[in-house]
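The sequence and the model are shown below.

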Amino acid sequence: NRLRRWRGRRPARLRTEKLASMGRLSTAVAHEIRNPLAAIAQANALLDEELSDPRQKKLTAMVSQNAKRLERIVDDILNVSRVRGNDPALLTQHIHLHEQVYRIASDWAHQSGRLAQLHIQVAAAALSVRFDADHLRQILVNLLENAQRYASKRVGGIQVLSVRREQAARVTVWSDGAPMDASVQRHLFEPFFSSESRSSGLGLYISRELCERHGATLAYHRSTQEVAGLATEGNAFSITLPLTDSTLP
């Protein structure tokens with residue numbers, strides 16, 4: 001029995017060690033990429049200032065676009081190493097959840113031009129949770145960016161809901177996209193996994209790591225919301241957060 005249990009745990013342990021090694025290597029590579037990437041972006045910007053030919057400026061724009069994409073990937077990889085640490089100070093920061101959720105979602109809608117598409121629904125009662133405001137913004141923006149890739153253009157095609165659930169609070173980012181394949185669902189929160197070639201595959205992994213650091217959970221499920229007066233099934237990512245003692249009855 002002991003041998004059987006050891007054999008059962010061995011693949012999981014080896015996989016964890018492999019991911020840890022990949023993480024260390026990726027972080028080292030990301031640090032090495034940063035400086036030459038910044039030099040490329042700066043040189044390209046200087047070159048663009050000297051050009052007037054539209055065909056040549058199209059090429060510098062292409063270089064700039066891909067340099068920014070690489071910068072985002074490098075930032076994602078470095079964020080992985082940052083969220084793995086434990087900072088006790090995070091658990092002492094209290095925020096008013098509904099207020100923060102509304103502000104973050106509204107800011108995102110203005111900046112992304114999705115005001116007409118996004119519907120925000122937050123409860124009126126004030127809820128206090130222990131969560132870093134910047135980390136909550138990082139998580140919600142990542143979930144909203146993912147949602148807009150697959151949502152329709154309909155009003156209410158993307159929804160953010162913040163409610164109380166007994167002794168906890170729940171924030172959900174919902175979109176009316178098609179169901180995910182089972183093979184995609186199994187690997188959603190794994191590092192470096194993505195169904196899109198343009199993604200680093202780290203956004204959902206980092207978001208869940210940040211949630212767990214604050215004692216919260218992040219999960220995917222299918223759920224139904226009302227869109228244009230019709231019950232519509234879609235993809236939902238829900239954050240469940242414990243309430244602070246001051247909020248509990």
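## A strand pair at the centre of the description

In this predicted model, Trp174 has Ala236 in E7 as its bridge partner. This pair belongs to the contact between strand E5, residues 168–175, and strand E7, residues 230–242, which are paired in the antiparallel sense over 8 bridges.

Strand E7 is also joined to strand E6, residues 217–227, through 11 bridges, and these two strands likewise run antiparallel. Within that pairing Leu218 stands opposite Ile239 of E7. E6 and E7 form a hairpin in which 2 residues lie between the strands, and Ala228, in the turn, has a positive phi of about 55°.

## The sheet as a whole

Strands of a sheet pair through backbone hydrogen bonds, in either a parallel or an antiparallel arrangement. Here the pairings build an open sheet of 5 strands in the order E2-E4-E5-E7-E6, and the pairing across the sheet is mixed. Strand E2, residues 118–122, and strand E6 are the edge strands, each of them pairing on one side only. From one strand to the next, the twist averages 25°.

Helix H3 lies across E2, E4, E5 and E7, and runs at about 170° to E2. Helix H6 lies across E6 and E7, with an angle of about 110° to E6.

Taken along the sequence, the chain follows the pattern α-α-β-α-β-β-α-β-β-α-α-β-β, which comprises 6 helices and 7 strands.

## The nonpolar core

The largest nonpolar core contains 39 residues, and those with the most contacts inside it are Leu97, Ile239 and Leu241. The elements that contribute two or more residues to this core are helix H3 (97–112), helix H4 (133–150), strand E4 (158–165), E5, H6, E6 and E7.

For Leu241, leaving aside residues up to four places away in sequence, the residues touched are Leu97, Val129, Phe131, Ala168, Ala169, Val171 and Ala216. Ile239, also listed among the core residues with the most contacts, is the residue that Leu218 stands opposite in the pairing described above.

Is Ser207 buried or exposed? Ser207, which lies in helix H6, residues 203–213, has a relative accessibility of 2%, and because this is under the 20% cut-off, Ser207 counts as buried.

The side chain of Ser207 is joined to that of Asn142 by a polar contact of 3.2 Å.

Of the 249 residues in the chain, 37% are buried. The chain exposes about 14,900 Å², with carbon and sulfur atoms supplying 53% of that area. Among contacts between residues at least 6 apart in sequence, 72% join residues that are at least 24 apart.

How values were computed. Residues are numbered from 1 along each chain as its sequence is written. This is a predicted model: local features need pLDDT of at least 70, side-chain atom pairs count only at pLDDT 80 or more; totals for chains, interfaces and linings use all residues. Side-chain values use heavy atoms; hydrogens and water are left out. Two strands pair if DSSP finds at least two bridges between them. Helices (H or I, at least four residues) and strands (E, at least two) are DSSP runs, numbered from the N terminus. Buried means under 20% relative accessible area, exposed over 50%, partly exposed in between (1.4 Å probe, protein chains only). A polar contact is a pair of N or O atoms within 3.5 Å; within protein, one must be able to donate a hydrogen and the other to accept it, and residues adjacent in sequence count only if both atoms are side-chain atoms. Contact means heavy atoms within 4.5 Å. Accessible areas come from the Shrake-Rupley method with a 1.4 Å probe; for residues, only the protein chains shown count as cover. A nonpolar core is a set of buried Ala, Val, Leu, Ile, Met, Phe, Trp, Tyr and Cys residues joined through side-chain atoms within 4.5 Å. Axes are lines fitted to C-alpha atoms, for helices over the stretch in contact, and angles run from 0 to 180 degrees between N-to-C directions.
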